[in-house]
Amino acid sequence: GTRLQRMSDRIDSLTSSAYQQALEVIASVEPRIAEATRQELDDQRSSLKLIASENYASPAVLLTMGTWFSDKYAEGTVGHRFYAGCQNVDTVEALAAEHARELFGAPYAYAQPHSGIDANLVAYWAILAHRVETPALAKLEAKNVNELSAAQWETLRNELGNQRLLGMSLDAGGHLTHGFRPNISGKMFHQQQYGTDPETGLLDYDALAAKAREFKPLILVAGYSAYPRRVDFAKMREIADEVGATLMVDMAHFAGLVAGKVFTGDEDPVPHAHVVTTTTHKSLRGPRGGLVLAQEDFAPEVDRGCPMVLGGPLSHVMAAKAVALAEARQPEFRAYAQQVADNAKSLADGFMSRGAKLVTDGTDNHLVLLDVSGFGLTGRQAESALLDAGVVTNRNSVPQDPNGAWYTSGIRLGTPALTTRGFGHDEFDRVAELIVHVLQNTQPGTTKAGGPSKASYTLGEGVADKVRDASAEMLDKHPLYPGIDLS
């Protein structure tokens, strides 16, 4: 025990020294950036971070990103680069893919995507190439698109960009990249969307299957960014198979719960989907970036992410992905993932015991979707009032939202970040109490014309200070990056 404590103290000392010296170097060139960096740490330490898509990466992950791997171009794949001198990048990318395969039990992993949308674009175009381009080339007796005549290529290009995609609607909890019209996914595809049961807010698999039979999509997209329940991916695969669709799952939000074996069996998308995408910075606690996991027959097309969609991979971020995925393979991560889900239930119970309305009346994943219309507020008003009180959330649509995607009627809250800090049941119950207190003491404002405003609000006197003080008591017991002292 004493030896381990000495080792931990030494690591803390080294980490603190590393950041102190790094900020000194940065300040010698642009002191305002160094100061903003210090301030960001102070702000994160002093606020209740409840944005479901955010977390806290370990110092090891953060430090990995700040290296000379940032200076290297490496288009291509491991062992097949378009630039010389990529032997160390090959090591980094191979390790990131190895950890991803082992962690998720996936046959194939691609670590190059810069973000979640990049991962989805790689997946979409890989599926199109696998399902449309490759058969078309064979029919035309061509090996690649460069062998096609201009007329042939124009015909194929129009066919590629006019396939059918069925994804979850934004107000039901889906993501912009699942076929939302203003997003590139909505422009690439002839798209339709499925929603949730209007009474329960839950996925209706029978209704989804009926829609799929009618629409016959090439791609069925499952996954979510604001749906507070688990998904039966075995049923999703059955629906896809029945209509001849490729099942793609975007698990960006809940990848940590898959990695931590909270979601297993039919709730684990990897054995059921043809292609799975994820980010690495949400519940996985890694750097900002993406991954694509796939069955072997889709691997050649996914490997063409560069030059198909991506440019030079971010080698320093791939290195950080490898470190984060290695961390996620440790037994401690499973305990963390289970605590994330347990804490979400505590947060949901805390809201409902105080009369707040939740979409689907609860949660069984990492997030809670709070309908704030019962407080007479829009999501934008609630988000802003909570921020005044040091509670960081984001406004979010609820099913059939009358206020649309900008003002919204809900706020989305997630437990991954504060669970990383060590919050448990009692703290999350207290968090629910503080949020309800803020919302009960927030009044909507009026427009210049005297009508009700969807944006302005008035927060009761002294409420923000009271909530900040109460939050500080909890936050002080669970310090953020305790080994880093920048004073």
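1. Let me start with Arg81, which counts as buried because its relative accessibility is 16% (buried means under 20% relative accessible area, exposed over 50%, partly exposed in between, with a 1.4 Å probe and protein chains only). Please keep in mind that this is a predicted model, where local features need pLDDT of at least 70, side-chain atom pairs count only at pLDDT 80 or more, and totals for chains, interfaces and linings use all residues. Residues are numbered from 1 along each chain as its sequence is written, and side-chain values use heavy atoms, with hydrogens and water left out.

2. Arg81 sits in strand E3, residues 80-81 (helices, H or I of at least four residues, and strands, E of at least two, are DSSP runs numbered from the N terminus). Which side chains make polar contacts with Arg81? Asp90 does, at 2.8 Å, and Glu93 does, at 2.7 Å. A polar contact here is a pair of N or O atoms within 3.5 Å; within protein, one must be able to donate a hydrogen and the other to accept it, and residues adjacent in sequence count only if both atoms are side-chain atoms.

3. Leaving out residues up to four places away in sequence, Arg81 also touches others, including Cys86, Gln112 and Pro313 (contact means heavy atoms within 4.5 Å).

4. Cys86 is itself buried, because its relative accessibility is 5%. The structure holds 0 disulfides (a disulfide is a pair of cysteine sulfur atoms within 2.5 Å).

5. Do look at the largest pocket, with a volume of about 1100 Å³. Of its 35 lining residues, the closest to the centre are Thr37, Glu40, Gln44, Leu62 and Tyr481. Helices H1 (2-27), H2 (31-45) and H3 (59-65) each supply at least two lining residues, and H1 gives the largest share, 6 residues. A pocket is an open set of points on a 1 Å grid over the protein atoms alone, where a 1.4 Å probe fits, with protein on both sides within 12 Å along at least five of seven lines; lining residues have an atom within 4 Å of a point.

6. Finally, Asp42 lies in helix H2 and is partly exposed, with a relative accessible area of 41%. The C-alpha atoms of Asp42 and Leu486 are separated by 9.7 Å, although the two are 444 residues apart along the chain.

Terms used: Points joined across faces, edges and corners; volume = space filled by probe spheres on them.
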